[in-house]
Every structure is written in C-alpha cells, then in structure tokens.
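Please look over the structure shown here before reading the report.

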Amino acid sequence: MITTKPRLACVDPPRLLAGLDEVYRLDRVGHLTVHGTMPALRADELVALAENIDLRGRGGAGFPFAKKVQAVVESAGRREGRCAVVVNGSEGEPSCLKDTALLLHTPHLVIDGAVLAAEAIGAEEVAIAVHRPDVEESLAAAIAERGPSGVPVRVSRTPDRFVAGEGGAVINGISGAPAIPNGRKIRTSDSGLSGLPTLLSNTETFAQLAVAARMGALPYRSVGLPTEPGTTLLTVGGKYVMETPTGVPLTYVLELCGLTAGQAVLVGGYHGKWLDPRSINAATISRESMKKYGARLGAGAVLPIPENTCPLGETARVARWLAAETAGQCGPCFIGLPAIADAIGQVERGGGQAAIDNVRAYVNSVKKRGACSHPDGTAGFVTTALEAFPEEFEAHALGAGCGRPTMGVLPLPEDALPLALPPAPLNPSARDDRSQRGPMEKLLVDWSLCQGHGLCADILPPEVLTLGIDGYPASASMEVPRQLRAQAVRAVRRCPALALRIEE
C-alpha cells in the first residue's frame, strides 16, 4: 500500500521540478511547454557534456556518468554494437522519495534523458525499473503519450525491497529473475540486460542529463559550486523532496522544510552517517563538504532526529528492518544482521556493558564478508549510531534509559518486528593470527554460495582460516602459505557448497 506522497520544495528557480508549482504532473504537452524539445547527441558529445558538468550517479556511489558511457560503448564495440539502457527507479529505502517525485510528477524528463543516451550509444531499448504501482502507472501513461517512435521504452515492476535497488538486483528483476544482488561483481557495462552491455544509472541522473542537454554545459554550470555544478534532489525528513543548488548550507535546507537539526542528522540514508550538531552547522550540500565529516550524500536522504525521541530506539527499529531486508544469500547477512539487531535489543533491555560489546562484536563479524554491500552498510549504520549517541547507549545498557519514548521518526514501511533469531554465544578466544602468513596464494570465499558448513575449518589450521561468531569463515580472503597449499586444495574440494576457490 502506498502511503507516502513526496512534498515538493525548491531553493532556487527549479530545473528538475520546473512547472510543478502549477500542475501536479507534467503530461507530454506540459513537459514540452516547460522544457522544450530535446536535442540529439552523438556518443562523443554525450561523453563531453557529462564530463563538462561532472555528471555523476545520484543513486548512492556517485560514479562519473561519462565513464559509464565510455565503458558501455567500448564493450558494445566488441558485441556488434548491441547494448541497452536501464533506469534504476527502484527506491527501496523508505527515507528516499526523490526518484518517486520525478517519476510521478515529471516522468518525461527522465525518459528524455534515457532516450537521449540510448540514441547516442545505439541502444536497443530503454527499461525503467520501479516498485510502486502509482509510479508504474505514471510511467506507463507517459510512454503512451509519447507514441511508438524512437528507441522502445518499457517499465518493469521489481519487488519493494531494500536490496532490490542494487544494480545487479535491478537487472535480475527486470529480466524476471529474483531481484537480489549478484554474488560476484559483474559490471553491467559488460553484461547487463539480456546479457548486453548496459548503461545503468539512477532516475535523477537521467533527468539531470535531459536538463543539461537542453541548456548546454555553461548555463548548466551557472548555479551550484564550480567543482560540483548544478542542482541536486534531497529527501528531507522522509517526506519533503527539495531541489537545491550544490553548496547550500545543510541548516538552510532543514529550515526551509520547517525542521531543526535536533540531536543529529542522518545523511545518506540507512547506509549513511550521523552528523553531530557542530558538523551540521558547518556542512553544505556537496560531496567535498560531506567527505570532511566522513559522510556522503548517497541517494540524497537527510533525516534529522528530534529531541523528543530515543535515538537508541530509533536505531533498533531501523536495524530490525534492515535485517529483515536481507537477500538471504550469505550467512554474514541473513545470520549476522539479525544478530546485530538482537544485540541492540539487549542494550535496550539493560544488558550492561557486555551488551554494547556484543553489538560491536557482531558489527565487526559482518564487515567485508557479504555477497553485496548490505551487510557493510548496515554495520556502518549501527557503528555511526554508537559514535553519535554513546551516552544513550550507555544509559540504556545500565538500565536507567534516556527517559524518552521511541517516536518512530525514521520512516519505515511498518514497524519492524522483533527478530526470533538469537545471537550465537561469543567466543572471545577466537582470533585470526596472521603472524605466520606470507604473501602466497589466497583462499577466497564466495559469500553467495557459502552455507556455513564449517568443514574448511576442520581441514585448515587457525593461522589460515577461523570461523566467526556466526559459524562462517571470519574473512573473505585468506593467504595460504606454500606448505599448507595441499590442505587448502582439500578444503576447496571438500566444500559442499563450492564456495571456496584459490587464486594467486
């Protein structure tokens, strides 16, 4: 059920949100009236434009768009020129609504950018992945309004899951496969939709491209920072979608939405970073500014936590939800994340310093061991909460609590339910002694296959492989001394799940 509609706001005369102060949705005629006709670009012109405006992905990682285009063109050149374009509109995080706002209110701008790129690189089709039914309806109507001309455009519904927005999961979902991340890193520029080289980027990225192609590089750069030109979309407080030039103070953005910094502000969503009040007062909306404080804008979520709610309770709610959003394809995720959430619950219930230590231990146990970025992102969210609210964690652990209720201000589809899976007992004596290792071959774990049988630990000594507190290998990569290579080979052959391999 769709319960959240984005409320629109703007700092400067809008670009992406232009015309929406007068109508709810720009149909084809309204879109052309506001934005004008779309030019055509060659592939080299597309790359030059993206480089001149420093266009980057707006879905999280911020990868340069020009490099994506170049990689697809080069790969397509080895595949008789065949390629595809995919728009990632699968916002699986409830704190993000900016892509939803674009696709509901100005869908033609997104389609324009995707078709422009597709025609420039000679793509066979444009596929747009979404998960909300109202967004699907808006796009279907826009595609019908445009008529059957140019590159074919289609919209696909993918599951409303947090991990379904990862690039590989989007490709899988559109293709009819389970919408979960690939166990191994596969570059979509080499093999994406239908196995073709695929230009995959976020909804806002293509909308920005459509604006820049119409304006030209110099006018586009007339707002924002010289090093980060243009505007960006933010979702503030889980309900306001704002377009703002880069370089605007974070406090001003909050003020325009009628919000204050409160106890702290979570930037970048549920895989993001909490900023303390001092950092909030100095931070601006830019990559470089956020980098100073160990944060990044990511998908553009800005979440202040007010004074009247318990930050530990809010952290526990989100941690439970993130644990439930696991793809279920690797132990560090579907065992480790529920264990982290349960350990936070022990802190809430007054489990003492040992409960806080358990949280840290379980966080460390999942880092760099997942088949995708979800375990690392969730571990990072909990770590930044521990750093931002140490007094609250301690007060709850010692039984006194912070005296505030949990108001549920961090948006979730519904309250996360307590998890039934208890954490495994900690083994403080387990350690990873690397002192005897040399720069030899490496034993690698494929987390998408590993099922935690533990047979490898029966064959290899602790100086090569130890099991974590969840019963899975404690590391994804282990150096193998020459004298132990035969045992490593035996471990690879004995693994029932075929999750081990040796590489130089």
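Predicted model: local features only at pLDDT ≥ 70, side-chain atom pairs only at ≥ 80, totals over all residues.

## The six-stranded sheet

Six strands make up an open sheet with mixed pairing, and their order is E1-E7-E6-E10-E8-E9. Strand E1 (7-10) and strand E9 (273-275) are the edge strands, each pairing on one side only. From one strand to the next, the twist averages 25°.

E1 and strand E7 (residues 240-245) run parallel and are joined by four bridges. In one of these strands, E7, Met 242 is the bridge partner of Ala 9. Helix H4 (residues 98-105) packs on this sheet, where it touches E1, strand E6 (231-236) and E7. The direction of H4 makes about 110° with that of E6.

## The three-stranded sheet

A further open sheet has three strands in the order E12-E11-E13, and the pairing is antiparallel. Strand E12 (477-480) and strand E13 (500-503) stand at its edges. Each has a single partner strand, so one side of each has no neighbour in the sheet. Here the twist averages 30° from one strand to the next.

Strand E11 (residues 441-445) runs antiparallel to E12, and four bridges join the two. Across this pairing, Leu 443 stands opposite Met 478 in E12. Helix H20 (residues 485-494) lies across E11, E12 and E13, and runs at about 145° to E13.

## Helix H1

Which residues of helix H1 (residues 28-35) are buried? They are Gly 30, His 31 and His 35. These residues are on the same side of H1 because they cover an arc of only 105° around the axis. An α-helix has 3.6 residues a turn, so residues three or four places apart point the same way.

The covering of the buried residues of H1 includes helix H5 (107-121) and helix H8 (203-215). On the face of H1 turned away from the buried side are the exposed residues Val 29 and Thr 33. After H1 comes Gly 36, which has a positive phi, near 85°.

## The nonpolar cores

How many residues does the largest nonpolar core have? It has 63 residues, and Tyr 270 and Trp 274 are those with the most contacts inside it. Leaving out residues up to four places away in sequence, Tyr 270 touches a set of residues including Glu 93, Pro 94, Leu 303, Val 318, Trp 321, Phe 381 and Leu 412.

Another core, of 53 residues, lies apart from the largest one. Among its residues are Leu 16, Leu 103, Leu 139 and Leu 233.

Definitions and conventions
Residues numbered from 1 in each chain as written. Heavy atoms only, no water. Core = buried A, V, L, I, M, F, W, Y, C linked by side-chain atoms within 4.5 Å. Buried < 20%, exposed > 50% of the residue type's maximum accessible area, 1.4 Å probe, protein only. Contact = heavy atoms within 4.5 Å. Pairing = 2+ DSSP bridges. Axes fitted to C-alpha atoms, helices over the stretch in contact; angles between N-to-C directions. Arc of directions from axis to C-beta.
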